[in-house]
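Please open the model in a viewer and keep the selection panel at hand. The stops below proceed from one selection to the next.

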Amino acid sequence: MNADKLILDGTRVAKSINESLVKRINQLSVRGILPCLATILVGDDPSSETYVRMKSSACKRLGIDSRRIHLNKATTTEELIAVIQQLNEDPQVHGILLQHPVPHHIDERAAFEAIQIEKDVDGVTMLGFAQNAFGMASFPSCTPAAILAILDYYQIPIEGKHAVIVGRSPILGKPVSLMLLNRNATVTICHSKTNNLPLIIGLADIVVAAVGKPAFIQGAWIKEGAVVLDAGYNAGNIGDVDFDACHKKASAITPVPAGIGPVTIATLLKHTVLAAEKSKITT
Ligand code: NAP
């Protein structure tokens with residue numbers, strides 16, 4: 001492994017996670033259990049449609065059942081919650097993923113909270129978040145878990161390092177901050193009201209970009225030798241990091257695409273298999 005300018009290859013990490021699942025899926029099959037992920041898409045946002053399709057295809061490739069529910073964009077919060085409750089009660093469904101974002105008129109938090117904790121494979125509920133904060137979640141949020149999986153796969157030390165997280169969303173910035181804190185990093189969380197962002201990023205050994213703005217993190221802000229993890233995914237396959245400029249300074253960096261994205265999907269599948277293993281019901 002070339003420690004100099006290492007590209008953190010998410011496809012490779014995802015492959016290794018997927019390979020570890022094959023035997024577990026076979027063992028479940030012997031018990032008469034077919035792991036099943038239900039995805040719910042509300043409306044017709046093309047990016048969301050693509051994400052859901054990618055998740056279903058990944059399920060299919062591994063022999064995991066996927067049930068795709070596509071609801072009209074006029075669906076109300078109550079109607080969406082009713083669908084989630086049906087899936088909660090369905091013993092053949094092990095994981096439920098509500099694709100974010102839902103149309104503005106829907107109370108997304110209420111819908112997330114309707115997902116039963118045992119099926120919250122995407123780690124979106126408040127209980128799941130709290131369990132993650134205590135380091136006790138079965139299903140931490142998938143993208144944060146993917147970031148940790150990449151660091152671990154490449155044996156990048158976390159303990160004692162200064163991690164700067166840019167973004168504080170409940171599905172990404174906050175949970176990844178807590179996971180890195182639980183692994184004994186010293187964590188700084190930045191957001192849109194942070195002063196002197198470049199100065200703070202310049203102190204980081206590990207930078208996590210979770211901003212939602214294309215090529216936002218500049219090479220000039222990065223400390224020589226820092227590890228850069230780009231969770232961003234913007235139109236045109238552009239991350240939240242100016243890759244070329246940051247690559248010159250970083251010791252290791254995730255690309256976009258083929259960085260954190262594929263590992264996020266593999267993590268979702270891993271959580272679905274674990275949910276099926278914990279279930280007592282056979283098909
Ligand atoms: P989000 O909910 O929009 O949160 C963005 C965060 O960035 C907010 O905390 C915001 O601060 C902060 N921010 C915005 N402008 C900033 C600025 N100028 N300086 C510093 N911080 C700023 O986004 P998200 O859902 O966390 O997603 C973030 C990115 O990750 C997006 O590109 C998304 O597509 C991507 N994503 C990727 C995956 C994957 O599988 N790879 C999964 C999920 C998300 P405030 O809190 O102050 O508003």
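**Helix pair α6 and α7**

Select α6 and α7, whose axes lie 8 Å apart and which pack at an angle of about 40°. Axes here are lines fitted to C-alpha atoms, for helices over the stretch in contact, and angles run from 0 to 180 degrees between N-to-C directions. The two helices, α6 and α7, are therefore oblique to each other; angles under 35 degrees count as roughly parallel, over 145 as roughly antiparallel, 65 to 115 as roughly perpendicular, and the rest as oblique. Their crossing is right-handed, a term for the near helix being turned clockwise from the far one by less than a right angle. Show side chains next: Pro144, Ala145, Ile147, Leu148 and Leu151 of α6 make the contact with Pro175, Val176, Met179 and Leu180 of α7. Contact means heavy atoms within 4.5 Å.

This is a predicted model, in which local features need pLDDT of at least 70 and side-chain atom pairs count only at pLDDT 80 or more, while totals for chains, interfaces and linings use all residues. Residues are numbered from 1 along each chain as its sequence is written, and side-chain values use heavy atoms, with hydrogens and water left out.

Centre the view on Ile147. Leaving aside neighbours within four places in sequence, Ile147 is in contact with Leu172, Val176, Val208, Leu229, Ala231 and Ile260.

Now widen the selection to the largest nonpolar core, which has 50 residues; Leu8, Ile147, Leu180 and Leu229 touch the most other members. Such a core is a set of buried Ala, Val, Leu, Ile, Met, Phe, Trp, Tyr and Cys residues joined through side-chain atoms within 4.5 Å, where buried means under 20% relative accessible area (1.4 Å probe, protein chains only). Among the elements that each supply at least two residues are α1 (10-30), β5 (162-166) and β8 (227-230). The most comes from α10, with nine residues. Helices (H or I, at least four residues) and strands (E, at least two) are DSSP runs, numbered from the N terminus.

Colour domain 1 (33-116) and domain 2 (141-261) separately: both give residues to this core, so it lies between them. The domain bounds come from an automatic or database domain assignment. The centres of the two domains, taken over C-alpha atoms, are 28 Å apart.

**Helix pair α2 and α10**

Finally, select α2 and α10, which pack at an angle of about 60° with axes 10 Å apart. The crossing of α2 past α10 is right-handed. Here Met54, Lys55, Ala58, Cys59 and Leu62 in α2 meet Ile265, Leu268 and Leu269 in α10.
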